[in-house]
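Here are my notes for your first read-through. Keep the viewer open and find each residue as you go.

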Amino acid sequence: MSEHDAGFKAALEEAKQGASEGGIPIGACLVSKEGKILGRGHNMRIQKKSATLHAEVSTLENAGRLPASAYEGATMYTTLSPCHMCTGACILYKLSRVVMGENNTLVGGEETLKRAGVELVNLKNAECEALMKKFIEEHPDDWLVLMRGYEDIGEPPKKGTE
């Protein structure tokens with residue numbers, strides 16, 4: 001798993017698309033065990049005023065209704081550590097692996113994924129981290145509503161991101 005994987009590149013493109021729309025720059029991409037992109041999406045919480053359209057959920061929605069076998073051995077690429085809701089979706093669909101761009105900005109349900117037997121890969125990608133830091137800097141009110149109000153992930157922000 002690397003930054004050169006088509007799934008990660010698609011997730012990063014989606015994060016940039018979300019940022020260009022004024023949204024939270026988090027993107028995701030679901031890739032089958034054969035390497036086929038099944039779906040991709042980005043966080044739409046701000047754009048659609050949605051409580052649930054996180055990048056991973058948007059990706060699953062965009063993949064459409066698939067047979068259970070399509071998820072077997074699949075990988076979810078995401079630019080940020082998945083929150084607990086998205087972690088649950090990855091477990092529900094029995095994905096084999098989650099590849100995240102970074103977790104310095106936010107740590108989500110990583111331990112839950114590991115306990116469920118999902119392989120977790122952190123690429124520690126500087127571009128993903130920079131996108132999130134730029135969003136936090138340029139949209140502090142949105143970030144504070146999401147984080148201080150525990151609206152998005154149910155826990156306070158990490159030090160240095162307030």
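1. Does Thr87 count as buried or exposed? Thr87 counts as buried, because its relative accessibility is 1% and the cut-off for buried is under 20%. Keep in mind that this is a predicted model. Thr87 sits in helix α4, which spans residues 84–92. Beyond residues up to four places away in sequence, Thr87 touches Pro82, Gly109, Thr112 and Leu113.

2. **The overall layout.** Step back to the whole chain. The protein chain has 7 helices and 5 strands. Read from the N terminus, the order of elements is α-β-β-α-α-β-α-β-α-β-α-α. The chain has 162 residues, and 50% of them count as buried. The accessible surface is about 8000 Å². Carbon and sulfur atoms account for 50% of that surface.

3. **Contacts along the chain.** Leu60 and Ala28 illustrate how sequence and space can be compared. They are 32 residues apart in sequence. In space, their C-alpha atoms are 9.3 Å apart.

4. **Helix α2.** This helix covers residues 55–63. Its buried residues are Ala55, Glu56, Ser58, Thr59, Leu60 and Ala63. What do they pack against? Their partners are the strands β1 (27–31), β2 (37–42) and β3 (75–78), together with the helices α3 (68–71) and α4. After α2 comes Gly64, with a positive phi near 80°.

5. **Leu60 within α2.** Leu60 belongs to helix α2. Its relative accessible area is 12%, so Leu60 is buried. Setting aside residues up to four places away in sequence, Leu60 touches Leu30, Tyr71, Met76, Ala89 and Tyr93.

6. **The nonpolar cores.** The largest nonpolar core has 22 residues. Which of them touch the most other members? The answer is Leu30, Met76 and Leu95. At least two residues of this core come from each of β1, α2, α4 and α6 (126–138). Helix α6 gives the largest share, 3 residues. There is also a second, separate core of 13 residues. Its members include Phe8, Ala10, Val99 and Leu131. As background, nonpolar side chains tend to be buried together in soluble globular proteins.

7. **Met76 and its contacts.** Look at Met76 next. Neighbours within four places in sequence are left out here. Met76 is in contact with Ala28, Cys29, Leu30, Glu56, Thr59, Leu60, Cys90, Leu95, Arg97, Val98 and Val99.

8. **The aromatic pair.** There is 1 aromatic pair in the structure. Tyr71 and Tyr93 form it, and the pair is tilted. The ring centres are 4.7 Å apart, with 50° between the planes. The pair links distant parts of the chain, 22 residues apart. Tyr71 lies in helix α3, and Tyr93 lies in the loop between α4 and β4 (97–100). Tyr71 counts as buried because its relative accessibility is 5%. Tyr93 counts as partly exposed, at 32%.

9. **Cysteines.** How many disulfides does the structure hold? It holds 0. A disulfide needs the two sulfur atoms within 2.5 Å. Cys90 is buried, with a relative accessible area of 1%. Cys128 also counts as buried, at 1% relative accessibility.

10. **A buried serine in a loop.** Finish with Ser81, in the loop between β3 and α4. Ser81 counts as buried because its relative accessibility is 2%. Its side chain makes a polar contact with the side chain of Glu110, at 2.6 Å. Apart from neighbours within four places in sequence, Ser81 is in contact with Met100, Glu102, Asn103, Leu106, Val107, Gly108 and Glu110.

Key:
Residues are numbered from 1 along each chain as its sequence is written. This is a predicted model: local features need pLDDT of at least 70, side-chain atom pairs count only at pLDDT 80 or more; totals for chains, interfaces and linings use all residues. Side-chain values use heavy atoms; hydrogens and water are left out. Helices (H or I, at least four residues) and strands (E, at least two) are DSSP runs, numbered from the N terminus. Buried means under 20% relative accessible area, exposed over 50%, partly exposed in between (1.4 Å probe, protein chains only). Contact means heavy atoms within 4.5 Å. A nonpolar core is a set of buried Ala, Val, Leu, Ile, Met, Phe, Trp, Tyr and Cys residues joined through side-chain atoms within 4.5 Å. Rings of Phe, Tyr and Trp (its six-membered ring) pair if their centres lie within 6.5 Å; planes under 30 degrees apart count as stacked, over 60 as edge-to-face and the rest as tilted. Accessible areas come from the Shrake-Rupley method with a 1.4 Å probe; for residues, only the protein chains shown count as cover. A polar contact is a pair of N or O atoms within 3.5 Å; within protein, one must be able to donate a hydrogen and the other to accept it, and residues adjacent in sequence count only if both atoms are side-chain atoms.
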